Amino acid sequence: MNWSWDHFFRYLFSPFLMEGVVNTVWLAIVAMIIGVSLGVVLAFMRMSKSRVLRFVSGLYIWLWRGTPLLVQLIIIYTGLPQLGLRLGVIESAILALSLHEGAYFAEIARSGIMSVGKGQEDASRALGMTWWQRMRIVIIPQATRIIIPPLGNQFNLMLKTTSLASVISMEELLRHAQQLAQIEFRVLEVYFCAAIWYLFLTTLWGQVQIRLEAHYDRPFGPAGGGGSEKTTRQKVLDKFRGPAASQA
Amino acid sequence: MDNVAPKLNVRTPRAARTLGEPIVVVDRVSKSFHGVGVLHEVSLTVRQGEVVVLAGRSGSGKSTLLRCIDQLETIDGGTIHACGHLMGFREGRGGRRVALKDREVARQRRDLGMVFQSFNLFPHLTVLDNITVSPVKIMGADKAATKVHARELLERVGLPDKADAYPGQLSGGQQQRVAIARALAMKPKVMLFDEPTSALDPEMISEVLDVMIDLSQQGMTMIVVTHEMGFARAAADRTLLMHDGRIVEDAPPEEFFTSPKSEHTKLFLSKILQH
């Protein structure tokens, strides 16, 4: 057997790999922030009255969701210089990841906004709110709770998807693992370490996500609520005391 | 099933009142959805202080007419004047009508209050915030004064202790009364009610109707789409019947119920009375 625990633990906490972890995290965060902002803009364009805006947004989403991120990355980094647009590694990685995320988040944001019922739209219009007031005061606060769970999933994906940027020599976790493996010839140990770091990041995020979702999953207002509780009362009585008890 | 009809607290019988100037004038308004005509050249004039009940079976166009008045639906033909506005349009060059922008229509709507069948309170805001959010954030009204006014309105609809509750904690009847208070907070000149009691349990209907009767007695101009004929008898100046997108009966309540002219009204009343 050629597996070396000694090497494994040395790589796991090596500053070189840690540097890759740090770069992966900030790359994911920056790409996510830009991507989500872009997605929100695209979602509003998609729901706009203007045909042109709807078309542009639809075209964008179609193109970016229909082609592999890897191809987009390579085109941006190695293809665009041919047109005179030369972007650095970091700029290319951020650009490709956030443009890609924008296309996916556009659909998430749109369905979140659409899920806030027409009644809310009617009521806020009837009160004399302009479009932006309706969005700001009524629609967006309610859409946020719908959007939070898929947003969490997108960030989980993003943490792992950043590894693709290694092909354009972005100095993130996978790239550092590759370099370490080439020097050390301990392929399995090194890549295991990389995998464990990814797992650590996604697990950590998973914990944050659970708390976020729990926070946004509460009913509005303090616990309790809901009509005169006659349905609840009936359920409780039927389940725990039998229907006869409801006569009491 | 005896005695399900709500008992209404009619404090004073509705005497013949002096009505003001026309405040809502609907002139030959047409509207269709996907090629299906819903309103056919409907005309209706409502004077200041008047209470008009719109009845009719579902699909007769009564809710659509109400929504058109508040520009929640765009009209295909005709004009609607409400509270001094040509709703949804302005006079352009050579008498041509030009559609208004969202922002301008929003400003026109502030003179009209609307109450919906499904309440449509904002679930993420407390009762007090539901009422104050529009005057404060839209009209820039003073926050403290608006809160005081909101509490007065809550008192008026009989919910003085619910200011800090969330809509999800209230019964349907309570939610609808908050919705009325929310609409009143904008100090509207006309109140539109779109089947305000249709989604309510029978025992909650009268608490909402009582608030509406109270409002009518204080001189509010009201257009009410409802199946509650008890309300029409108690509070309406005129009761209208809509059938297939047309107004087929327009009469004071006593005449509407005892000697209707239209066959549709007779049929409608016979069905109502079978319940």
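**Exercise 1.** How much area do chain B and chain A bury between them, and what share of it is on carbon and sulfur atoms?

*Solution.* A note before we start: this is a predicted model, where local features need pLDDT of at least 70, side-chain atom pairs count only at pLDDT 80 or more, and totals for chains, interfaces and linings use all residues. Residues are numbered from 1 along each chain as its sequence is written, chains are lettered from A in the order in which they are written, and side-chain values use heavy atoms, without hydrogens and water.

Step 1: buried area is the accessible area (1.4 Å probe) that two parts lose on being put together, summed over both. Step 2: for chain B and chain A this comes to about 2400 Å². Step 3: carbon and sulfur atoms hold 58% of that area.

**Exercise 2.** Find how many salt bridges cross the interface of chain B and chain A.

*Solution.* Step 1: look for a side-chain nitrogen of Lys or Arg within 4 Å of a carboxyl oxygen of Asp or Glu. Step 2: the rule finds 2 salt bridges. Step 3: one of them joins R67(B) to D122(A), at 2.8 Å from N to O.

**Exercise 3.** Count the residues in contact on each side.

*Solution.* With contact meaning heavy atoms within 4.5 Å, chain B gives 29 residues and chain A gives 28.
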